[in-house]
Amino acid sequence: MALYATGSTGTIGRHFPRRVKPIEQRLESDLGSFLKLNFQSSDIVIHAGARVGPTKVANSLEDSYKINVIGSRNLALAALQNDIAKFVYISTCHVYKFGKEFLSENDPINPINFYAEQKYLGEQEVLKVFHHYPEKVCIIRVFSLLGREMPSESLGGAISRILQREPNFQL
C-alpha cells in the first residue's frame with residue numbers, strides 16, 4: 001500500500017508525513033494525462049490540491065474551475081480506473097452557510113463564495129465517479145487553521161487569543 005497526494009506543498013499537504021508520495025500532475029491537465037497515473041489497488045489517494053482562496057478563485061474563475069472541479073473529477077477517474085483502496089477529497093467548511101453557531105456535517109450546504117462553490121462542485125464530481133463504490137471515497141471538510149496571523153474570528157485567531165489568555169474569551 002502506498003499513500004499518494006496532490007497539494008503536498010500546500011497549507012495542509014506540507015504537514016503530510018514523508019511516506020506520502022506527491023502526485024506530480026498538474027490539476028488542469030486533460031483526462032488522458034491523469035489516466036497515465038499508475039496506482040495500485042491497495043493505494044490511497046489524498047486529493048488536497050486546489051486553487052485556494054476566495055480572491056484567487058474569483059480573479060480566475062474559468063482556470064480555477066478547471067483545477068478545482070474538472071481536475072478533481074479527472075483524478076478520481078484515474079484512481080477508480082486503478083481500483084484504488086480509498087480516495088480522500090479535502091474540501092472546505094466554507095460550503096456551509098457562514099454563522100456563529102456550531103456546524104454539523106448534516107447542516108445545509110450554502111457555499112459562501114466562488115471558492116466554496118467550486119470545492120462543493122468538486123465533491124459532487126468525486127461522488128459521481130465513485131457512486132457505485134461509496135466505501136472507496138471520503139470527503140473531509142476542513143476548518144482552516146492557518147497560523148496565528150489569521151483574523152481573530154477564525155480558528156487560528158481564536159487559538160491565538162486562547163494562548164494569549166485573553167480575558168473572558170471562550171472558544
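My notes on these topics follow.

I am working from a predicted model, in which local features need pLDDT of at least 70 and side-chain atom pairs count only at pLDDT 80 or more, while totals for chains, interfaces and linings use all residues. Residues are numbered from 1 along each chain as its sequence is written, and side-chain values use heavy atoms, with hydrogens and water left out.

I looked for disulfides (a pair of cysteine sulfur atoms within 2.5 Å) and found zero. Cys 93 is buried at 13% relative accessible area, whereas Cys 138 is partly exposed at 30%; buried means under 20%, exposed over 50% and partly exposed in between, with a 1.4 Å probe and protein chains only.

I then turned to strand β4, residues 86–92, which is largely enclosed by the rest of the structure because six of its seven residues are buried. Strands are DSSP E runs of at least two residues and helices H or I runs of at least four, numbered from the N terminus; two strands pair if DSSP finds at least two bridges between them. β4 pairs in the parallel sense with β3 (residues 44–47) over four bridges, and Ile 46 stands opposite Val 88. With β5 (residues 137–142), β4 pairs in the parallel sense over six bridges, and Ser 91 stands opposite Arg 141.
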